[in-house]
Amino acid sequence: MDVNKNSYTFMFATIMVVVVAAILSFLAIKLKPFQASNVRLEKMQNIIYTIGVRDAEDPTSPISRDQAEEMYNKYIAEELVVNTKGEIQEGVEAFAVDMAKELKKPMDQRNWPLYVAEKDGETYYILPLRGKGLWGPIWGYISIEDDLNTIFGASFDHKSETPGLGAEISTSEFSNQFEGKEILEDEDFVSVAVVKGEASGDHEVDGISGGTITSVGVSDMLQECIGAYMAYFNKLDSKESSNPTQALSQEQEMEPASSEMAETKLDTVNAE
Amino acid sequence: MSTAAEEVKEAVKPKEPLFSKKNRKLITNPLDGDNPITVQVLGICSALAITVKVKPAFVMSVSVLAVMALANVIVSLMRNLIPSRIRIIVQLVVIASLVIIVDQVLKAFMYDVSKQLSVFVGLIITNCIIMGRLEAFALGNGPWKSFLDGVGNAFGYAWILIAVAFFRELLGAGTLWGYPVFEKLGLYELGYENNGMMILPPMALITVGIIIWVQRSKNRSLIETN
C-alpha cells in the first residue's frame, strides 16, 4: 500500500479526525459530572474559607473537599441574590449565579449573590469577587463582619497568573493581609487597595512585587464587586440604626453588642 | 537536582535484562551528552516559564514524561501508516489529544494537581522536545525503543527543569517546595534579602546558560568548533 497517495492521505486524515473527536467527546461527557462536582465543592471550600472554616492541621489551606459540603450547609445560613439597587432578587439561586456572565451584563441588570454565614453567634456576609488579572480572570470571596465595614477574611484564586508572581494572590500570605481592613471611610465606600511598597492604614494591603498588573486587578475587582453591594448594605444599615440601641459605629471594639446585633440583622434579612 | 538522575539509575538497574547496552544509551544519553535543553536547546520556552518554583517544575516534568512516552509509542506504532506529507499534523494531533486527555482526567480525579498545572498543560503541546523526538526517533524506530527514548528525553528535560527551579526558588523566594528554608535558617535576621531578579524570566535563561557552561567545561566534546 502506498501511504503517500493523495487518496490515502485524505482517508487517513478523515479517519484520524473522526476517531480522535469520538474519543475526546466520549471522555469529556463521561468525566463531566466528576469535574462539575469538584468545581462545586471547591467553591464551597473557598466560601467558608473566608469565615475561618479551614483545614484543622494547616489553617492556610481550605477544609478538605470531602467535608466541604457538610460544613457549608452548617455555616451558611442563607443565600440571597441582590441587585445593584440593593433589592433582593427572588427566584434566582445564589450558588448557581455565574459571576463571569453577570459582569458582562449592564450594571443595573446584574445579579449579585450574597452568602450570609453564621458562626459562633456572629453573622458574616460573604461576597463573591471577580475581575481581570494579567493573563485571565481572577476571582475570590471576601467576608465582612456584621458592622458591614470590617473585612473578616478573604480568599483569592486565578486562572492563569504567572507562578511566583501574580499567582501569589492565591496564597494565604496575601489573603490574610485583608483581615481587619475596612471598606468604609466615614460611612463612604472606599474599598481596599493593593498598593506597591509599604501598605499603611485600614484601606491598603501590600501588593506582590513583580505582579503589579494582577495586584491592580485585585484592587479593581474589590472596588467594583464590593461596591455593588453597598446599596444593599446601606438598606440593612438604615434598618439597624432605626433601632436606637444599636447605632452602627466604625469602631471594631463592639464585641458585647455584636452577637445581639447578629440576631437582629438576621431577622431583618429573613423578613425580606 | 540530582534526584531525577538517581531515579533513572534505580529504574534501570532492576530491569537490566530488558535493556541492551544500546537501549540503555537511549535513556542515559539525553541526561548529559544529548540533553534536550542544554545540548539540543529545545523546550527552552517552557523551561523559562515554569521554573519559578520547584513544585510546578516537577509536576510539569511528570506530565511531559507521560505525554512524551505515550506519544512516542503511539506514533511509533503508526509509523508505517502515516502519510509523510501530513506527518507533522498527525504528530500534533496525537500530542494534543494526549494532553487533553491528561488534562480532563486530572480535572476529574486529581483536581488539586490539575490546578497546580493550570496553564502548563497547554505548554506541553508547544514543547518542541516532544515533536522533535517523534520526528527524529519514533517515526523510524519500534515502540519499545521509542518508549525508552521518550522516557530518557523526559528525564533529561526534567533534571534541568528541576535544577533551574531549585536555584530560582531558593534564591528568589527563599523556599524549596514551598518550605521556607531561609526563614528557618534565620538568614533574614542576618540581613539577607531575597533576590527578586531570580523570579523574573531572564534569570531562568541565565541559569540555563550557567548549566550549559558548566556542562561544556566538563565535557569538552560538546563545544562546537567553527
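Mentor: Start with A:E168 and B:K53, whose side chains meet in a salt bridge, 3.1 Å from N to O. A salt bridge here is a side-chain nitrogen of Lys or Arg within 4 Å of a carboxyl oxygen of Asp or Glu. Between chain A and chain B the count is 1 salt bridge.

Some ground rules. This is a predicted model, where local features need pLDDT of at least 70, side-chain atom pairs count only at pLDDT 80 or more, and totals for chains, interfaces and linings use all residues. Residues are numbered from 1 along each chain as its sequence is written, chains are lettered from A and ligands numbered from 1 in the order in which they are written, and side-chain values use heavy atoms, with hydrogens and water left out.

Now the wider interface. 29 residues of chain A are in contact with 27 residues of chain B; contact means heavy atoms within 4.5 Å. The two chains bury about 2,400 Å² between them, 66% of it on carbon and sulfur atoms. Buried area is the accessible area (1.4 Å probe) that two parts lose on being put together, summed over both.

Turn to the chain B side. Chain B has 11 helices and 0 strands. Helices (H or I, at least four residues) and strands (E, at least two) are DSSP runs, numbered from the N terminus. Of the 226 residues of chain B, 46% count as buried. Buried means under 20% relative accessible area, exposed over 50%, and partly exposed in between (1.4 Å probe, protein chains only). Take contacts in chain B between residues at least 6 apart in sequence: 75% join residues at least 24 apart.

Helix α9(B) covers residues 143-173, 31 residues in total. At 1.5 Å a residue α9(B) should span 45 Å, and its end C-alpha atoms are 42 Å apart, which agrees. The expected span is 1.5 Å times one less than the number of residues. In α9(B), 23 of the 31 residues are buried, so the helix is largely enclosed by the rest of the structure. After α9(B) comes B:G174, with a positive phi near 70°.

Next, the rings. Over all chains the count is 16 aromatic pairs. Rings of Phe, Tyr and Trp (its six-membered ring) pair if their centres lie within 6.5 Å; planes under 30 degrees apart count as stacked, over 60 as edge-to-face and the rest as tilted. A:F156 and A:F178 have ring centres 5.1 Å apart and planes at 50°, so this pair is tilted. The pair links distant parts of the chain, 22 residues apart: A:F156 is in strand β5 (residues 151-158) of chain A, A:F178 in the loop between α4 (172-176) and β6 (184-185). Both A:F156 and A:F178 are buried. B:W144 and B:F147 make a stacked pair, 5.8 Å centre to centre with 20° between the planes. They sit 3 residues apart in helix α9 of chain B, separated by about one helical turn. B:W144 is partly exposed at 35% relative accessible area, and B:F147 is partly exposed at 32%.

Finish with charges over rings. A:K43 lies over the face of A:F95, 4.5 Å from the ring centre. A:R54 puts its charged end over the ring of A:Y49, 3.9 Å from the centre. The rule asks for NZ of Lys or CZ of Arg within 6 Å of the ring centre and within 35 degrees of the ring normal.
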